[in-house]
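Biologist: Could you walk me through this model? I'd like to go from the overall layout down to single residues.

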Amino acid sequence: MLGLFKSIATYMLLLTLFLPSVYAAVPHEIAGIELGTNVSKYPDFEVSNYLKETIVMDWHGFDKGVISYGICHSPGTIVKLQMKYQDSSKDFFNTLMKKFKTKYGPPSEWEGDSFGINHIWKWKFIDNQGRKVNMVLHHNLQDTSENIGNQVKLYYPELMEQEHLCFLRQCKKITNSEEQKHKEELMKTGWEYLIPQE
């Protein structure tokens, strides 16, 4: 009989560990933001970042690309391209390195790790308009916190920084008392914001 109680207790313990919570309350909201609602309900999200991104897929030998463009200092201007090659192999990366070096010379610096997991080479240029241009060639097949495969990035570091500074200025800019009250409302906190709500 004792063995039966032990097996029932074990069964009940397993149920509590692997079954969804049976409490009546189910969290759907945190910090006043609710799952399942349309993002347009929160107009303050519109200024949540200083760059906007658009994605391209299956694009001329690239599996995927992320194109980042300005929304503040230079609205609509593409300031960063991040493209992932369809071929993820190390052999292809080595071929790319040779072609990059032939066309652009040796890289300016190494940004990879000492373990040989992330191979990251960076070139730095100044174009004919005096703008800094950075190019990065990256190979990674092990580090899941980074993009897997081969990718190339091309970006204007100074334009990205100008976008960031413009964005910060816009966030701090308050033109009237109504905006000031709205900002103060957004800064309010309490347990109803910190703990997920139903």
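Biologist: How many helices and strands does the secondary structure of the chain come to?

Modeller: There are five helices and nine strands, where helices (H or I, at least four residues) and strands (E, at least two) are DSSP runs numbered from the N terminus. Along the sequence the pattern reads α-β-β-β-β-β-α-β-β-β-β-α-α-α. This is a predicted model, in which local features need pLDDT of at least 70 and side-chain atom pairs count only at pLDDT 80 or more, while totals for chains, interfaces and linings use all residues. Residues are numbered from 1 along each chain as its sequence is written, and side-chain values use heavy atoms, with hydrogens and water left out.

Biologist: What share of the residues in the chain is buried?

Modeller: Buried residues make up 25% of the 198 in the chain, with buried meaning under 20% relative accessible area, exposed over 50% and partly exposed in between (1.4 Å probe, protein chains only). The accessible surface comes to about 14,400 Å², and 59% of that belongs to carbon and sulfur atoms; these areas come from the Shrake-Rupley method with a 1.4 Å probe, and for residues only the protein chains shown count as cover.

Biologist: OK, the core then. Which residues have the most contacts inside the largest nonpolar core?

Modeller: Those are Tyr85, Phe100, Trp123, Leu137 and Val152, in a core of 13 residues. A nonpolar core here is a set of buried Ala, Val, Leu, Ile, Met, Phe, Trp, Tyr and Cys residues joined through side-chain atoms within 4.5 Å. Two or more residues each come from β4, β5, α2 (90-104) and β8 (132-140), and α2 gives the most, with four residues. A second, separate core has nine residues, including Val79, Val133, Tyr156 and Leu159.

Biologist: And what does Leu137 touch?

Modeller: Leaving aside neighbours within four places in sequence, Leu137 is in contact (heavy atoms within 4.5 Å) with several residues, among them Tyr85, Phe93, Phe100, His119 and Trp123.

Biologist: Is His119 buried or exposed?

Modeller: His119 is buried, at a relative accessible area of 16%, and it sits in strand β7 (residues 118-126).

Biologist: Switching topic: which cysteines does a disulfide join?

Modeller: Cys72 is joined to Cys166, S to S 1.8 Å, and a search of the whole structure finds one disulfide, taken as a pair of cysteine sulfur atoms within 2.5 Å. The pair links distant parts of the chain, 94 residues apart, with Cys72 in the loop between β4 (62-70) and β5 (78-85) and Cys166 in helix α3 (residues 157-172). Both Cys72 and Cys166 are buried.

Biologist: Why is that disulfide called left-handed?

Modeller: The torsion about the S-S bond of Cys72 and Cys166 is about -70 degrees, and therefore the disulfide is left-handed.

Biologist: What about Ser89, where does that lie?

Modeller: Ser89 lies in the loop between β5 and α2 and is partly exposed, with a relative accessible area of 29%. Not counting residues up to four places away in sequence, Ser89 touches His139 and Asn150. The C-alpha atoms of Ser89 and Leu141, which are 52 residues apart along the chain, are separated by 8.2 Å.
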